[in-house]
Amino acid sequence: MMCALTRARARTRVHSSLQILLAAAPLLVAMPARAYDPATTHAGLTEQAVLASELHRVLGHRLSRPLGLFEPIVLNRADLDPTLARVLGGRLDALDPSGGYRPGADGAAPALAWVVAGAVIAETPAERAKNLFFDPSRGSGLTQAGGAFQVGHDLRMLFAEGGGLRAAATGTTFNLTGRPSPEWLLAPENDVGLPAFYDQLEQATIAERPGPRATALARALLALGGTLAVLEDAGDPAHVRNDFRGAYLGDGGSSLFDRGSPFERYVAETFGQAGVPPAAAPVNRPTVMAYITAADRQGLADRTQRRFFSDGTLPEPVVVDRLTTGVEAMRDARESLPYALPTLPHLDLTGMGDIHYAYASGEPGAPPAHRRRLLAYLRVPGRVRFFLDRAVYQDSARALLPEIGAYAAGLVDHLFRADIHLEIKAGSVAVSVTGARGIVRKGEVRLYFEDASGRRSGFASVPASTTPSTLTIPAGARRIAAALRAEDDAGELVAVAEQPVL
Amino acid sequence: MRRVVLLLAMVAASAACGPLIERAPFAVRPDSIRPADLLGPYDGIVIDADLDRPIAGATVAAAWAFENGIGFHAPSGSREVVVQTGADGRYTIPRLDDLPEGASARIRRFTLVVYHRGHVGWRSDRVFPGQAARRDFSQRGNRVRLDRWQPAYLHATHLVFLGGGAKVRLAAAWELQAAALELDGEHLPLATRAKSETTTAQVGLTMLDITKLLNDDEIRGVTGYVGKFEDGKLSDLPTTEFYDSRHFKALGKPESFDVGLRVWRLGAAASEVQYNKLMTTLPGAHATDEVGDGSFRAQSGEIGGLVFLVRERGVVVSMTCGSGQCSEPAQLAKLAKLVESRLPELPPEQPRLAPTPEAVPPSDADNPAVKPTPSPEVSP
């Protein structure tokens, strides 16, 4: 009977004898916190971001991958440390082939697929999602501190935090806290974070043999996807408003084991992977972290936090009577908000039982079709209740998804901002660097030549400068490769290039 | 206390059960509103939408996606079944019987991907072109109506839409080069183009045909060769609406007597990209500027190559000739010039639609790219 109960198709035949379990089960199971659904939403966001970026040209022109985003790249697990091969391989093997980003049995997948796969495995195993929260106003990651939550949620959390049963069932050690996502992005133990991206991109050019170079390129693209996943979750209101309990422990799942954020579920079901809207034009920011948060408050987390409510950071219900004015109700509601923004506009208390919407400020002249619903509220006898419904989710997704794509595309271009020019003629190569921001420090352009067997060896280093340095190409060289690992005014910098010797 | 113990026991018992199964977002049959059984089995027929006839040999890839975790969810595995349609266009996907284990295991989705060259790919969840959700998929008696490929469609958009596992990728591999060229030569938002595709009138698919550009006698006239040729196509790349090839194989002779001709007609921007790409990838490439708007030669063993670009026509031509056939470099140049002179005889290019102004997305106050300065609401 239990088995039948846990099947969604049987949940309409729940027997009364099990109603106790139905009522209590939400207290006994920890709820899903999968951020934007990795397999669909993150995959689609990443796909759109990469298509809007310059990565195709980078691969085709700088890395001599003629098919660019469609270039098949082989990750050979034999090139990896056995432990890493097992862990990474297990996560890749778990991916859904219909999404187009699961590598084949031969380890081959198009470059685009590797980036998308990286965004998906950034949250595999699922406990990694705990490190994808960031509250920019407090500079903290996911924490239980702060905010008054409903009693039911607190009860659930008592069980969720109980640890023993939950941890035994899930194999996780999630205690409703996590590292701030910007910190996780830079963590050495994040195998699809920025350090991995820099290291593997460099290895994709300077490794001695072609096989390991291809494997390193695949890993660099995976890490690029993992980096984008962190940024993309900065465009999830719950993730930037420290809202796990309210957003994730609410109702809405298809079964008692399947609770989750109704907004994220809405986005996943409405758009899937292929239906995610195209990214807007790439956003240019001064540093990697500025894509997430910055003093100018134009990081994605900053913008998302102050412009959107999440399910668990809404105003508390306001007590009203027939003499209460809209202004008074608005004032009371504002006092219960855990964050100062977004502000709550004037409330319309007419129409008992009618759903009203509060609209985002700053868009007063926008045509009705483009006005963004901020939250919904409903006057019932004695109080006004606030909530987010599918109409609000629809408007939020319409605003957020292209913007997330724009930030993610911008980050891709930012990471590949520097370009090493290799001009090869008459037995010499002229080397120059463009695209870096300010002066390049702490690094030189290292040059390698490739022989007929594909083996690469270093032969020179030159300063990273826009003024070309000319070097003689070693005899027998078939290809020249260059790598620069340094810093510029935008932070850490890795640039790579290669050209055939004509 | 007893109640708590009972509840714990029931939860523990559930942990030993089979997986959760999501409610299928599609019907069991086309004429039913009853939700399907996500586990299957599935069956249907693949037909040509224009001819209303079954399509044999279409690749049908079915995949179940699994997730697990009680506290967190993540992909935990999948099952994929790939079949080819029979002569009657029908496919059958057996019921999933190898279920993942554990109370937290979920069967999250089922997706069917159908691919047949010359047609638009088909997914059970989305429609191409555009991004609309598909509403006509059913578990049993499914009818997959494949639309003919149209020149206005973009292979890059199509491949991204198609997805699918390794076997689908293999079947669609012939689109890779075209897709890459599109991304190289164009820089418009893909969705903008996809939107314009939806307004495209139905036009037939016409392959590029370069048979008029060069023949056996003309080769003999240039090289003085007296033997026979067997004419065919080079086999590494398929003929498409923008690419064709000719292989003049010298009968009874080694490869060094063969002549090869490849032509890409891609438009001005993409042809430039293709030309540069060939220059960086062909062995021993060096500029010669002897034919067209730019040309270079390459050499691989006994095979010499000459590639040239004709910007006005958006054409890149690659000619190869072995040292047995072309004993002098000038002979290869003569053949190339002969081909260049025949380019006007190619059938006219089918027009590709430019995006319409109304296809540009409306401005959005939330969009930082459209409105780079902070709006009042974002300036606390």
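Are F128(B) and Y153(B) buried or exposed? F128(B) is buried, and Y153(B) is too (buried means under 20% relative accessible area, exposed over 50%, partly exposed in between, with a 1.4 Å probe and protein chains only).

## About the model

This is a predicted model: local features need pLDDT of at least 70 and side-chain atom pairs 80 or more, while totals for chains, interfaces and linings use all residues. Residues are numbered from 1 along each chain, chains are lettered from A and ligands numbered from 1 as written, and side-chain values use heavy atoms, leaving out hydrogens and water.

## Aromatic pairs

Across all chains, a search turns up 26 aromatic pairs (Phe, Tyr and Trp rings, the six-membered one for Trp, with centres within 6.5 Å; planes under 30 degrees apart are stacked, over 60 edge-to-face, the rest tilted). One is W122(B) with F137(B), edge-to-face at 5.9 Å centre to centre and 70 degrees between the planes. W122(B) sits in strand β8 and F137(B) in the loop between β8 and β9 of chain B, so the pair ties together parts 15 residues apart in sequence (strands are DSSP runs of E, at least two residues, and helices H or I, at least four, numbered from the N terminus). W122(B) counts as buried at 2% relative accessibility, and F137(B) at 4%.

F128(B) and Y153(B) also pair edge-to-face, 5.5 Å centre to centre with 80 degrees between the planes.

## A charge over a ring

In chain A, R372(A) lies over the face of F308(A), 4.1 Å from the ring centre (the cut-offs are NZ of Lys or CZ of Arg within 6 Å of the centre and within 35 degrees of the ring normal).
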